[in-house]
Structure formats: structure tokens, C-alpha cells
Amino acid sequence: MSATVITISSGKGGVGKTTTTANLAVALALNNQKVVCIDGDIGLRNLDVVMGLENRIVYDVVDVVEGRCRLRQAMIRDKRVPDLYLIPAAQTRDKSAISPSDMVRLCDDLRAEFDWILIDCPAGIERGFRNALAPADMVIVVTNPEVSAVRDADRIIGLVDAEEKGPARLIINRLNPSMVKRGDMLTPDDVLELLAIELIGIVPEDENVIMSTNRGQPVVFDGKSRAGQAYKNIAGRLRGEKVPFMDLEEKDGFLHRISRLFKSGGD
Amino acid sequence: MSSWLDKLLGPKPKSAGQAKDRLKLVLIHDRTDLTPGNLEKMKNELIEVISRYVDIDPAEVHIQMAQEGREQRLVADIPLRAGAQRRR
């Protein structure tokens with residue numbers, strides 16, 4: 001086995017990198033893939049709370065790099081799925097505690113045992129980004145359909161290309177179909193035309209994401225959530241399956257119109 | 001705004017269209033590090049150099065950034081004046 005290392009980045013903060021990392025990790029693990037995720041945001045760790053594993057941290061990634069523990073000791077197993085681990089970031093240190101070559105070495109030590117290594121990249125384009133990019137086999141850029149997020153995504157895509165880690169794949173997160181419909185939100189086609197990279201998923205805005213994050217349960221565990229389904233679809237595409245993009249206008253689809261017709265007929 | 005004025009001015013442009021147009025311009029300059037001011041300066045210098053060799057009309061010179069996928073290119077359209085010929 002030799003893992004594929006995926007770095008999940010965005011440039012801008014708050015677009016949903018950590019949520020995306022947690023959910024892709026769980027979705028892959030639910031498909032019996034062996035997955036480890038690494039929180040690359042040293043000093044501002046969050047992947048632990050989003051995954052609901054914050055109470056089980058003993059050692060972190062800086063402890064591993066500085067030799068205070070063995071790699072295994074810093075890996076927290078997520079017991080809800082067969083084979084998922086988290087290596088948390090240190091909270092009381094900063095990005096300079098780790099170098100890009102430390103990250104390459106860490107991932108090389110993990111590759112043999114896993115199918116996927118997911119790295120949650122911090123916002124920005126400085127050291128933390130360089131650290132997360134160094135070991136990447138593939139880069140996913142997460143953006144929202146709004147000007148600042150798209151602009152920063154473009155910057156990241158350019159940097160990824162310059163480091164010969166491209167082409168990056170795109171996830172458009174928090175798409176609001178009704179705003180798109182009335183012309184007040186960039187469409188996926190608009191974003192793709194501007195950024196000119198391959199799309200790997202569209203995640204609709206969904207209140208369930210916040211509710212499930214409140215509980216420390218990635219939304220993929222929620223069988224009814226549209227965002228959860230979107231993440232499962234992306235995980236399928238990562239595994240090479242041909243998964244069609246979700247119909248985001250489902251509520252106005254054929255079946256809905258038919259059912260409305262029947263309802264109005266019955267009134 | 002009252003409705004008669006709305007009718008007079010036509011519907012307000014949709015905000016998504018404005019976002020896209022603004023982003024198009026911003027991204028071109030972000031990607032190349034070439035500010036509109038520097039592009040204008042370069043254009044004037046090019047006109048000066050080219051004018052030394054052939055007769056051109058500075059007002060007709062167009063130099064702009066074009067985009068194909070993630071490739072950027074500088075496209076220059078420099079028509080020669082009718083009957084333009086080498087000066088020497």
C-alpha cells in the first residue's frame with residue numbers, strides 16, 4: 001500500500017477547509033479505506049474539534065517531529081469507523097516549529113500503512129502552507145462562490161502550479177442554489193471559467209454542517225444531509241468512481257412538480 | 001427607488017454578474033503582477049520604439065491581457081498607417 005497525500009487548501013480562511021478535510025476523511029473511511037489526517041494549522045488547531053476527538057489528544061505533530069513521542073502515540077483513532085486516525089496540531093507552538101522536509105518525512109513514514117493521508121492546510125500562503133504543500137501528491141482547493149474566496153483560490157492555484165504540485169482540483173463549498181437561481185451568487189460555471197481548473201465537487205450550503213460540527217460528528221454521518229452526500233460523492237470521485245454531480249435544483253425537479261400537481265389537485 | 005424610476009433605468013444588474021466581471025479584471029492583474037498603470041507605461045514605451053521604425057498611429061494601438069485557461073498572454077494590435085514604409 002502506498003498512500004496518496006492530499007493537501008486541502010484555500011488561501012482565505014473560513015471557507016470550509018477543516019470541515020472538508022474531516023468529512024472527506026470520514027467518507028473515505030466509511031468505504032473501508034485506511035485514512036489518516038494531519039492538522040497542519042499549528043497554533044490554531046481545529047480539526048480535532050470538528051472531528052469530535054479533542055478530548056483524546058495526548059501528543060501532537062510537533063511532539064513527533066521533535067522526538068518526544070513515537071508516531072503511533074500521536075495518532076488518535078476515530079472509533080466510529082474502521083480505519084481513521086488524526087494527528088493533531090500543537091496548540092501552543094507556531095508554524096515555524098515544523099519545516100516542509102519534516103512534513104515530507106512524516107508522510108513518508110505513514111505512506112506504507114494507509115490509502116489516504118489528508119492534510120488540513122492553514123489559511124494564508126506562508127510557512128504553514130509551504131509545510132502542507134511539500135508532501136502533497138494532489139492539492140484540493142476549497143472556495144466559496146464569492147469574490148474574496150475566489151480571488152484567494154486563484155492565488156493558491158498559481159502557487160501550486162509554480163511548485164509543480166498542480167493541477168489543483170476545486171471544491172466549491174457553501175453554494176446556495178436559490179441565490180444562484182436569482183442571479184445573486186456566482187454559478188459553478190462562473191467560478192470554473194474564472195479559475196480554469198478541474199472541479200471535483202460542489203457542496204451546497206446546509207445548516208446540518210453547523211449542527212453536526214456542534215456535536216463533533218462530521219456531517220457525512222448524517223444520512224439525510226445534502227452536504228454530507230456531496231462529500232461522499234467527492235470521496236467516490238477521489239477513488240476513481242464516476243459520480244455524477246448532484247442536482248442542486250432537486251426541489252424544483254420533475255418529481256417535485258408532479259407531487260405539487262397532485263397536491264394542488266387534491267385541495 | 002420608486003417603480004417609475006426603476007422602469008426608466010431598467011432592472012438593476014444582478015450582483016453575480018458584477019462579481020464575475022470584477023473578478024475577471026482582478027485575476028488578470030493578480031496573475032501577472034502587471035498593474036493597469038504599468039501596462040499603460042509599457043504601451044507608451046512600445047509605441048515610442050516601434051515609431052522609430054514604422055509609421056503608426058498611437059491612438060490605434062491596443063495592448064491588452066488575454067486569457068486562455070490559466071495561460072495569460074499579452075496581445076498587441078498595432079495597425080500601420082496607410083502607405084507606411086521604412087523611413088530609410
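Me: At what angle do helix α1 and helix α10 of chain A pack, and how far apart are their axes?
Reply: In this predicted model, α1 (residues 17-30) and α10 (residues 226-238) of chain A pack at about 65 degrees, axes 9 Å apart. The axes are lines fitted to C-alpha atoms over the stretch in contact, and angles run from 0 to 180 degrees between N-to-C directions. Local features need pLDDT of at least 70, side-chain atom pairs count only at pLDDT 80 or more, and totals for chains, interfaces and linings use all residues, while residues are numbered from 1 along each chain as its sequence is written, with chains lettered from A and ligands numbered from 1 in the order in which they are written.

Me: Which residues of α1(A) and α10(A) meet?
Reply: A:Asn23, A:Leu24, A:Ala27 and A:Leu28 meet A:Tyr231, A:Lys232, A:Ile234, A:Ala235 and A:Leu238. Contact here takes C-beta atoms, placed from the backbone, within 7 Å.

Me: Why is strand β2 of chain A called largely enclosed?
Reply: Because 5 of the 5 residues of β2(A) (residues 35-39) are buried. Buried takes 20 or more other C-beta atoms within 10 Å of a residue's own; 12 or fewer is exposed, and in between is partly exposed, with C-beta atoms placed from the backbone.

Me: Which way do the residues of β2(A) point?
Reply: A:Val35, A:Cys37 and A:Asp39 go one way, A:Val36 and A:Ile38 the other.

Me: What makes β2(A) and β4(A) a pair?
Reply: Pairing takes at least two DSSP bridges, and 4 join β2(A) to β4(A) (residues 84-87), running parallel. A:Ile38 has A:Ile87 as its bridge partner there.

Terms used: Helices (H or I, at least four residues) and strands (E, at least two) are DSSP runs, numbered from the N terminus. Two residues are in contact if their C-beta atoms, placed from the backbone, lie within 7 Å.
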